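Dear colleague,

Please find the structure below, together with some notes on what came out of it.

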Amino acid sequence: MTAKTNRAVVLRKPLDIAFEDRPVPEIGAGEVLVNVKATGICGSDVHYWLHGGIGTFILDGPMIIGHESAGVIAAVGPGVTHLKVGDRVAMEPGVCCRLCDQCKRGNYNLCPDMVFAATPPVDGTLADYYRHAADFSFKLPENVSLGEGALIEPLSVGLHACTRANVTLGQSVFIFGAGPVGLLTAASAKAAGASRVVIADVKKERLDFAKTYYTDAQYILERPEQGEPNIEYSRRISAKILESEAAFDAVFDCTGVETCVQTAVYLTKNGGTVMLVGMGAQVQTLPVSELYSREVDIKGVFRYKNTYPKAIQMLASGAIDVKPLITHTYTFDEAVKAFEHARDGTDNAIKIQILNE
């Protein structure tokens with residue numbers, strides 16, 4: 001039986017997050033009502049909380065936060081035949097228009113009318129109940145938990161990035177950033193057949209974790225010397241890494257930091273690919289002569305497309321294990337505390353999830 005109230009975690013304005021009672025959403029044809037049970041905290045959630053926006057997406061009113069979620073079907077709308085009440089589902093948080101040129105080409109992640117959870121002004125999923133499109137709600141097999149189901153969202157970023165980079169058997173991959181997306185990109189690259197996956201970060205504790213998670217080598221990134229130009233730092237660091245490594249088929253930047261993007265170009269072999277996964281400054285300086293003289297391709301990654309069925313199969317088969325990433329869990333009532341933990345990054349937190357039992 002569906003409750004009459006809907007507790008939600010609402011971002012009212014920067015640095016102001018609180019519980020509110022919202023109406024239980026009414027569903028229509030082709031929709032489902034999901035009793036949300038597990039929600040991961042993403043870096044973008046924390047960024048909205050602290051700064052009120054990311055790039056051109058600016059908070060202009062109260063918004064329910066959260067988009068990495070899984071739950072249990074509480075009701076189904078007319079026309080929904082592949083799901084029933086009680087089914088456990090992972091929710092792909094972006095719903096496209098299905099009609100535009102990008103959607104018809106299969107690039108629905110680039111739909112100009114995309115409605116994406118917890119992207120202003122659209123409410124997110126961190127509530128008791130969430131109304132969602134049935135065709136973007138994916139049933140979980142019995143051996144995949146709801147916590148794992150919530151991690152399909154960041155896993156999808158890694159899977160899509162590796163697909164766009166054409167990672168395949170025997171290739172070498174380098175990743176900047178050992179946070180959840182970087183680690184899941186490593187897992188995706190290994191699953192795609194990469195023979196060597198190397199990762200780098202400024203935090204030793206993250207690299208210690210990465211030693212146990214789908215990576216073959218780890219590099220701690222030193223800070224630039226005082227007054228050292230970014231491009232000189234990038235040349236120096238890449239030369240140091242290439243003393244021990246051969247140039248890489250694909251290099252993924254999961255940080256958005258300019259020096260990492262620059263270093264990625266230098267680390268990529270002739271004819272290789274640089275993937276921009278992290279979101280950083282909107283304008284950055286790149287060594288473009290390296291791109292055209294060595295035919296290094298540079299590609300962007302915006303969310304993902306057609307990854308949820310694949311990700312579910314990989315989790316169910318054991319091809320990728322995301323469970324070790326869930327380092328901390330909080331109850332729904334502890335949601336604000338969970339966000340504070342995610343902000344502070346203490347106690348070697350990788351992925352913090354909020355569980356609504």
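Directly after helix H11 comes Gly345, whose phi is positive, near 65 degrees; helices (H or I, at least four residues) and strands (E, at least two) are DSSP runs, numbered from the N terminus. This is a predicted model, in which local features need pLDDT of at least 70 and side-chain atom pairs count only at pLDDT 80 or more, while totals for chains, interfaces and linings use all residues. Residues are numbered from 1 along each chain as its sequence is written, and side-chain values use heavy atoms, with hydrogens and water left out.

H11 itself spans residues 335-344, and its buried residues (under 20% relative accessible area, with a 1.4 Å probe and protein chains only) are Ala335, Ala338, Phe339 and His341. These lie on the same side of H11, because they cover an arc of only 160 degrees around the axis, the arc being that of the directions from the helix axis to the C-beta atoms. Their cover includes strand E1 (5-13), strand E2 (16-23), helix H1 (43-51), strand E19 (326-331) and strand E20 (351-355), where contact means heavy atoms within 4.5 Å.

Leaving aside residues up to four places away in sequence, Gly71 touches Val34, Asn35, Val36, Lys37, Asp87, Arg88, Val89 and Leu146. Although Gly71 and Arg88 are 17 residues apart along the chain, their C-alpha atoms are separated by 5.7 Å.

Key: Buried means under 20% relative accessible area, exposed over 50%, partly exposed in between (1.4 Å probe, protein chains only).
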